[in-house]
Amino acid sequence: MSTLIERQSAAGVAAPNLYKTLFATCIGNALEWFDIAVYGFFASYIAHAFFPTADPAVSLLLTFGSFGVSFLIRPLGAVVLGAYADRVGRKKALLLSISLMMLGGAIIVLMPAYATIGLAAPVLVLVARLIQGFSAGGEFGSSTAFLVEHFPERRAFIASWQFATQGASTLMASAFGLGLTHFLSEEQIESWGWRIPFAFGLLIGPVGLYIRRHLHEPESFSRGEKVRSPLRLLVGQQKNLMLLAMGLMIISTGINYMLNYVPTYATKNLHLSGTAAFSATLLAGIILTVVTPLMGLWAEKIGRGPLMWGSLALLLLTIYPAFALVVNQPTAARLLILVGWLALLKSVYFSVVPSMMADLFPVTTRASGMAISYNVAVTLFGGFAPLICTLLISATGTSLAPGWYLIALALCSSWALLKSQSRLQAK
């Protein structure tokens, strides 16, 4: 089939096939987000296994705290692995990040519960999350730079797959949650069933590792100038670019982690069933997986601006009414509407964020610049979103608090989009 024939680069070397490159690059991103989604979806079971206290609310806060703390190390991973990708190569950075992801996943799968080994259990789980957080810190910047540098003429479409794989990961994690709640009893899930999706995620790693070993560096990177200290250049001359890239990510990552928070929010605050909660996240996964690359294709025809501004405007206008609809009368159908609507608007906006972030940075600092910007935004506004929302609900006494949080994030991203467009037009 002609689409599968490898094209030739200007140097006469076979350039990578689009679909092979997509799969090899995005599989690490999928593994990263699968583990994150599973941890968020099964938070209440992980709390029982590793963070048992007399107060279930405290156990849940400790679990989400460990979920959030692991994000604190992501900027460090972004600095180290992003700079490594800019100095040594995208391929080596991608191999290192997926290897570390596998190590962290193996620790969680094999870790005995608190009842068996005591305090060592939560400590080692935290270590595993820190390892995964460090590796994830370099994954997005390296893989997105790798994609857009191989296929600059298709950057809106190909970079959209970075976030489509996040949807696919949410879809798989939700399918596991729905399947486990259907086939296993609550006691079985609490005892051992929650480990099954983590074990599945661990099996994906070797496939990605094998495929990534056979990739080649982008020609623009191989031939381009290298800098000894990308971080020094970023901090000294490109701080404003990182700030804009962070701002673009804020609302997107906030919604993403809100979707991870849905199973806990629905069961603990809205008192809906686990089946309803996981059905909603399953719907979100389908929408994110299918719609995101379609929006990337559409952006190639109409541009990125209309999609981003349209989705932001709709978010600002509808977030609060959508949350009020569910909170005032919690039903499974209304939860599906809320989650489906958030996932749809996120898909439209999210689809073109990676390519816009990539365009903000030059090749010399692209991997590290994107990695740092992305992970600082994810850490501050995404990783701690479940904890922030739990605290906001506790402090205000209303389950509408997550809606106000998302409105604030949408306003921040609107400012960043306005400034980013002005910057790119001036180039």
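Predicted model: local features only at pLDDT ≥ 70, side-chain atom pairs only at ≥ 80, totals over all residues.
Some ground rules. Residues are numbered from 1 along each chain as its sequence is written.

Confidence next. pLDDT is the predictor's confidence in each residue, from 0 to 100. The protein chain averages 84, and 92% of its residues reach 70 or more. Helix H17 (residues 353-360) has the highest mean, 93. Helix H3 (residues 56-72) has the lowest, 70. Helices here are DSSP runs (H or I, at least four residues), numbered from the N terminus. Over residues 1-13 the pLDDT is below 50.

Now the cores. A nonpolar core is a set of buried Ala, Val, Leu, Ile, Met, Phe, Trp, Tyr and Cys residues joined through side-chain atoms within 4.5 Å. Buried means under 20% relative accessible area (1.4 Å probe, protein chains only). The largest core holds 83 residues. Leu248, Met249 and Ile251 are among those with the most contacts inside it. Helix H13 (residues 239-269) gives the largest share, 16 residues. Apart from that core lies another, of 24 residues, including Ala37 and Ile108.

Which residues does Ile251 touch? Beyond four places in sequence, Leu312, Leu315, Tyr349, Leu406, Leu409, Ala410 and Ser413. Contact means heavy atoms within 4.5 Å.

Last, Ser413, in helix H20 (residues 401-426). Why is Ser413 called buried? Because its relative accessible area is 0%. Its contacts beyond four places include Gly247, Leu248 and Ile250.

Notes:
Heavy atoms only, no water. Buried < 20%, exposed > 50% of the residue type's maximum accessible area, 1.4 Å probe, protein only. Helix = DSSP H or I, 4+ residues; strand = E, 2+ residues; numbered from the N terminus.
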